[in-house]
Amino acid sequence: MTVPAYLHIVQYCAFVIAIIANSLLLHLIRMRAGLSFGRYRVLMISFSIYAIVYANIEIFTLPVMYMQGAGMIFYVDSVLKNHQDIGLLIAVSYCGCLAFCISMLATHFIFRYIAVCRQHHIHIFNGYKVYLLLIPPFVLFLIWAGAMFVCYRPNEVKRDFYRKVIADLYEEDIDQVAFIAPLYYTHQNDGSVLYRISDLVGCLLSCGILGACFTTCSICAYKTYNKLHDSSLQMSKRTRSLSKQLFWTLGLQTLLPFITQYIPVGLVFLLPLFEIQVGKYINFVGVCCSLYPALDPFIAIFIIDRFRNYLFRRERISEVKISQIPTYTSYGDASVA
C-alpha cells in the first residue's frame with residue numbers, strides 16, 4: 001500500500017486554487033480598499049501574501065502522516081523527500097506556519113479592537129508602525145518551528161519505532177526520508193513506561209501558543225462585537241457598515257482555520273497521549289490543512305461588498321469615487337476601518 005491518492009490530489013488542487021484566489025484578493029484590495037480601510041489594508045495584504053507563501057511551503061512538503069501508539073510520524077513526500085536536511089527544515093517551517101496564522105489572526109483582532117473600541121489610540125498604527133504588528137507572528141513562527149526541530153527531530157529510537165509500519169504501509173525507507181515525529185512515551189520490556197520529556201514539552205508549548213492566541217481572538221472579538229452594536233458609538237452609517245463587514249470577515253477567517261487546522265492539529269498532538277489508534281486516517285488532517293489557504297480569500301471576496309460588487313460589476317461609477325473618500329470618526333482620527 002502506498003500514499004492514498006486522494007491526499008496529493010487535494011493538496012495540488014488546493015494549491016492552484018489558493019494561488020489564484022489570493023492573487024484575486026490582492027487585486028481587489030489594490031482596486032477597492034480605499035482610504036476608509038486605513039492601515040488595515042496592510043494587514044489584509046500581509047495575510048494574503050502569507051496564504052500564498054503557506055501554499056507554496058505545503059506543496060514543497062506534501063505531508064504524509066501515520067499515528068501509532070503514543071506517537072505520530074509526519075514525513076515529507078515532495079521532491080525534497082530524500083534531502084533530509086532541507087526536508088527537515090521545510091517540515092518544521094510547515095508546522096511553524098500554523099503558529100504564524102493564528103498569531104496573525106490575533107493581531108488582526110487587536111487592530112479591530114483598537115480601531116473600534118479605542119479610537120483615540122488608532123494613531124499608534126500610523127505610518128510604518130503598523131508593520132510592528134507583524135513581529136509577534138514571526139516570533140511565534142520561529143518559536144514553534146524551533147520547538148518542532150528540537151523536540152521532534154529524527155533519532156534512532158523514533159526510526160526504530162516507525163520503521164516497520166512506514167515500510168509496510170507507505171513502502172518507504174525511514175532512513176532515507178525527511179520526517180518529524182512526536183513520541184511521548186514508550187513501553188519497556190519490564191512493563192514500565194519511559195516518558196520522553198522533550199516531546200511532551202513540545203506538545204505543551206504548541207498547545208500553549210494555540211490557546212493564548214485563540215483566547216486573545218475571543219476576548220477582542222467579544223468586545224468589538226458589543227461595541228459595534230452600541231448605539232452610543234459615534235460613527236457614520238457607512239463606516240459602521242464597513243466595520244461590521246470587516247469584523248464578520250475576520251470572524252469567519254478565524255473560524256475557518258479553527259475547523260480546518262487547529263482542531264485537527266490539536267487532535268494530532270493530543271490523541272497520541274492516550275494511545276488512540278487512528279493510523280493512516282490521520283492523513284485527513286493534511287487534507288483539511290491544505291484547504292485553508294484555498295478557501296480563506298473567498299470569505300473576504302464575498303462578505304466585503306466593495307470587493308463583491310466590483311467582482312460582479314454591480315457598482316456605479318459614482319460609488320467608486322465616493323469609496324475613495326476617507327471616512328473619519330468624531331474624534332478627528334484616521335479611519336476606524
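Reader: Which residue is the bridge partner of Met 67 in strand 2?
Author: Met 72 is the bridge partner of Met 67. This is a predicted model, where local features need pLDDT of at least 70, side-chain atom pairs count only at pLDDT 80 or more, and totals for chains, interfaces and linings use all residues. Residues are numbered from 1 along each chain as its sequence is written, and side-chain values use heavy atoms, without hydrogens and water.

Reader: In what sense do strand 1 and strand 2 pair?
Author: Antiparallel, over six bridges, with strand 2 at residues 71-76. Pairing needs at least two bridges found by DSSP; strands are DSSP runs of E, at least two residues, and helices are runs of H or I, at least four, numbered from the N terminus.

Reader: And the turn, what does Gly 69 do there?
Author: Gly 69 takes a positive phi near 55° in that hairpin, which has two residues between the strands.

Reader: Is strand 1 buried or exposed?
Author: Both faces are covered: Pro 63, Met 65 and Met 67 are buried on one side, and Val 64, Tyr 66 and Gln 68 on the other. Buried means under 20% relative accessible area, exposed over 50%, partly exposed in between (1.4 Å probe, protein chains only). Six of the six residues are buried, so strand 1 is largely enclosed by the rest of the structure.

Reader: Switching topic. What is the chain over residues 86-111?
Author: 100% helix and 0% strand, with the end C-alpha atoms 36 Å apart. The unreviewed UniProt entry lists residues 86-111 among its "transmembrane region" features; such annotations may be inferred rather than shown by experiment, with positions in the numbering used here and feature names shortened.
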